[in-house]
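Subject: Structure handover

Hello,

Here is the structure for your files.

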Amino acid sequence: MRPWPASLLSILLSISIALLACGGNNRPLQSVTVSPASATSSQAQFTATGTYNTMPMTVDITGTTFWCIGSTSGLCSADVAAFAEVTAGLAQCYSGFSGTVTVLAGQPASHPGVNQGAQLQPFGAAQLTCP
């Protein structure tokens with residue numbers, strides 16, 4: 001029997017780590033914090049930190065969580081999304097809009113129907129004031 005080459009072992013180890021990092025361990029998300037809490041600009045970068053019940057307890061989830069524009073109750077809103085958008089934490093005001101919107105990050109608790117917003121649970125919120 002031939003011994004496994006070191007490169008094959010490295011590849012298998014990398015795949016195992018990637019699967020665990022992508023939710024392979026199914027840790028439930030306990031809470032989400034969005035920072036900064038508020039920003040005044042036509043474009044702002046927000047970050048999301050997830051808190052879990054096992055180590056590591058806090059993880060940057062900016063690139064992997066669900067983002068939307070919505071209400072402080074965690075409901076994503078198609079109506080409010082007409083004023084701004086957010087993708088991977090980068091929130092942008094639409095041209096001509098002046099006012100404040102709520103930027104949400106979290107885990108969808110429900111699967112919305114057509115033209116309905118997703119309810120996030122848990123979620124974190126921040127405010128973006130468009131000049």
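The model is predicted, so to speak of local features a pLDDT of at least 70 is needed, and side-chain atom pairs count only at pLDDT 80 or more, while totals for chains, interfaces and linings use all residues. Residues are numbered from 1 along each chain as its sequence is written, and side-chain values use heavy atoms, with hydrogens and water left out.

Sheets

Strands here are DSSP runs (E, at least two residues), numbered from the N terminus. Two of them pair if DSSP finds at least two bridges between them.

E2 and E10 (residues 120–130) run parallel and are joined by 3 bridges. Across from Thr40 stands Thr129 in E10.

An open sheet of 3 strands has the order E3-E8-E7 and antiparallel pairing. Here E3 (43–45) and E7 (84–87) are the edge strands, each pairing on one side only. Neighbouring strands in this sheet are turned by 15° against each other on average, with direction ignored. Between E7 and E8 (residues 90–93) there are 4 bridges in the antiparallel sense. Ala84 has Cys93 in E8 as its bridge partner.

Aromatic rings

Searching the whole structure gives 1 aromatic pair. For Phe, Tyr and Trp (its six-membered ring), a pair requires centres within 6.5 Å; planes under 30 degrees apart count as stacked, over 60 as edge-to-face and the rest as tilted. The ring centres of Phe83 and Phe97 are 4.5 Å apart and the planes are at 20°, so this pair is stacked. Phe83 lies in the loop between E6 and E7, and Phe97 in the loop between E8 and E9 (99–108), 14 residues apart.

Phe97 is buried at a relative accessible area of 18%, whereas Phe83 is partly exposed at 36%. Buried means under 20%, exposed over 50%, and partly exposed in between (1.4 Å probe, protein chains only).

Charge over a ring

The charged end of Arg27 sits over the ring of Tyr52, 4.0 Å from the ring centre. The criterion is NZ of Lys or CZ of Arg within 6 Å of the centre and within 35 degrees of the ring normal.

Regards

Technical notes
Axes fitted to C-alpha atoms, helices over the stretch in contact; angles between N-to-C directions.
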